[in-house]
Amino acid sequence: RRRRLVVPGPGAADHAVVVTLAAVSMTWSVDRAAGIAALALASLSVCLGLLQSRGVAAPKGQVRRDLRPIHEALSIAALAAIGVHVVAFMADQYIGAGIADALVPFGSSYAPFAVGLGQLAFYGLVAFSLSFYARRRIGPARWRLAHRSVALFWLLAVVHAALIGTDAAATWLIAGLLPLVVAAAAGLAW
């Protein structure tokens with residue numbers, strides 16, 4: 001984004017030098033960073049969850065003990081990053097999104113379809129990720145069924161990022177996120 005800064009010129013009160021600066025707002029930068037971090041953390045969490053559930057990469061019985069705390073920490077960190085992403089989206093004056101734009105699925109005036117996919121991903125990831133803490137109450141079989149649906153909402157987040165992510169086509173982002181996304185997708189397909 002470009003912003004214009006008017007700087008008074010030397011020696012003439014009625015004369016101004018217009019300087020165009022390539023500047024980005026702080027909230028936009030935080031929004032982008034939090035979105036990228038959230039997708040990376042969620043992708044890692046999906047990978048570790050799949051490794052844990054399939055008993056891969058360690059002797060039988062050890063995987064769950066070793067990976068569960070890391071899987072849980074990554075999930076919580078992803079949810080926190082999503083929260084920052086949502087708050088920064090609302091605070092960005094360029095976009096001008098309000099609470100309804102940020103929280104009502106497909107209600108945003110800014111890219112409603114892409115933002116709507118992100119909102120659905122957010123609600124699904126929150127609900128089904130946090131179902132872990134209710135697994136005793138809802139029973140293990142129902143919990144596993146609910147928790148497996150996290151993959152669908154993770155996929156919505158990937159599509160959201162591809163459609164609306166400012167840096168979605170940037171080589172550095174593709175190089176950094178694509179291996180995580182492919183690993184998680186391959187694990188889901190396996």
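Visitor: What makes up the accessible surface of the protein?

Guide: The accessible surface is about 11,300 Å², and 68% of that belongs to carbon and sulfur atoms. Such areas come from the Shrake-Rupley method with a 1.4 Å probe, and for residues only the protein chains shown count as cover.

Visitor: What kind of model is this?

Guide: This is a predicted model: local features need pLDDT of at least 70, side-chain atom pairs count only at pLDDT 80 or more, and totals for chains, interfaces and linings use all residues. Residues are numbered from 1 along each chain as its sequence is written, and side-chain values use heavy atoms, with hydrogens and water left out.

Visitor: How many helices and strands are there in the protein?

Guide: The protein has 8 helices and 2 strands. Helices (H or I, at least four residues) and strands (E, at least two) are DSSP runs, numbered from the N terminus. Along the sequence the pattern reads β-β-α-α-α-α-α-α-α-α.

Visitor: Why is Asp-31 called buried?

Guide: Buried means under 20% relative accessible area, exposed means over 50%, and partly exposed lies in between (1.4 Å probe, protein chains only). Asp-31 has 7%, so Asp-31 is buried. Asp-31 sits in helix H1. Of the protein's 190 residues, 35% count as buried.

Visitor: Which residues does Asp-31 touch?

Guide: Asp-31 touches His-85, Ala-88 and Phe-89, leaving out residues up to four places away in sequence. Contact means heavy atoms within 4.5 Å. Among contacts in the protein with a separation of 6 or more, 54% join residues 24 or more positions apart.

Visitor: Is Ala-33 buried or partly exposed, and how do you know?

Guide: Ala-33 has 46% relative accessibility, so Ala-33 counts as partly exposed. Ala-33 also lies in helix H1. Ala-33 and His-85 are 52 residues apart in sequence, yet their C-alpha atoms are 7.9 Å apart in space.

Visitor: What makes Asp-167 and Arg-32 a salt bridge?

Guide: A salt bridge needs a side-chain nitrogen of Lys or Arg within 4 Å of a carboxyl oxygen of Asp or Glu. For Asp-167 and Arg-32, the N to O distance is 2.7 Å, and their side chains meet in a salt bridge. Asp-167 lies in the loop between helix H7 (150-164) and helix H8 (171-189) and Arg-32 in helix H1 (residues 26-54), so the pair ties together parts 135 residues apart in sequence. The structure holds 1 salt bridge.

Visitor: Are Asp-167 and Arg-32 buried or partly exposed?

Guide: Asp-167 has 13% relative accessibility, so Asp-167 counts as buried. Arg-32 has 26%, so Arg-32 is partly exposed.

Visitor: How many residues has the largest nonpolar core?

Guide: The largest nonpolar core has 32 residues. A nonpolar core is a set of buried Ala, Val, Leu, Ile, Met, Phe, Trp, Tyr and Cys residues joined through side-chain atoms within 4.5 Å. Those with the most contacts inside this core are Leu-39, Ile-82, Phe-89, Leu-125, Trp-154 and Leu-177. H1, H2, H4, H7 and H8 each supply at least two residues of this core. H1 gives the largest share, 7 residues.

Visitor: Which residues is Leu-39 in contact with?

Guide: Leu-39 is in contact with Trp-154, Ala-157, Val-158, Ala-161 and Leu-177, leaving aside neighbours within four places in sequence.

Visitor: How far does helix H4 reach?

Guide: Helix H4 (residues 112-129) has 18 residues. The expected span is 1.5 Å times one less than the number of residues.

Visitor: Which residues make the nonpolar surface patch?

Guide: Phe-106, Phe-113, Leu-120, Leu-155, Val-159 and Leu-163 make this patch of about 530 Å². Patch residues have over 30% relative accessible area and no salt bridge; like charges are joined within 9 Å, nonpolar side chains (Val, Leu, Ile, Met, Phe, Trp, Tyr) within 5 Å. Phe-106 has 37%, and counts as partly exposed. H7 supplies the largest share of the patch, 3 residues.

Visitor: What phi has Phe-106?

Guide: Phe-106 has a positive phi of about 65 degrees, although it is not a glycine. Most residues other than glycine have a negative phi. Phe-106 lies in the loop between helix H3 (99-103) and H4. Ala-111 is in the loop between H3 and H4, with a positive phi of about 45 degrees.
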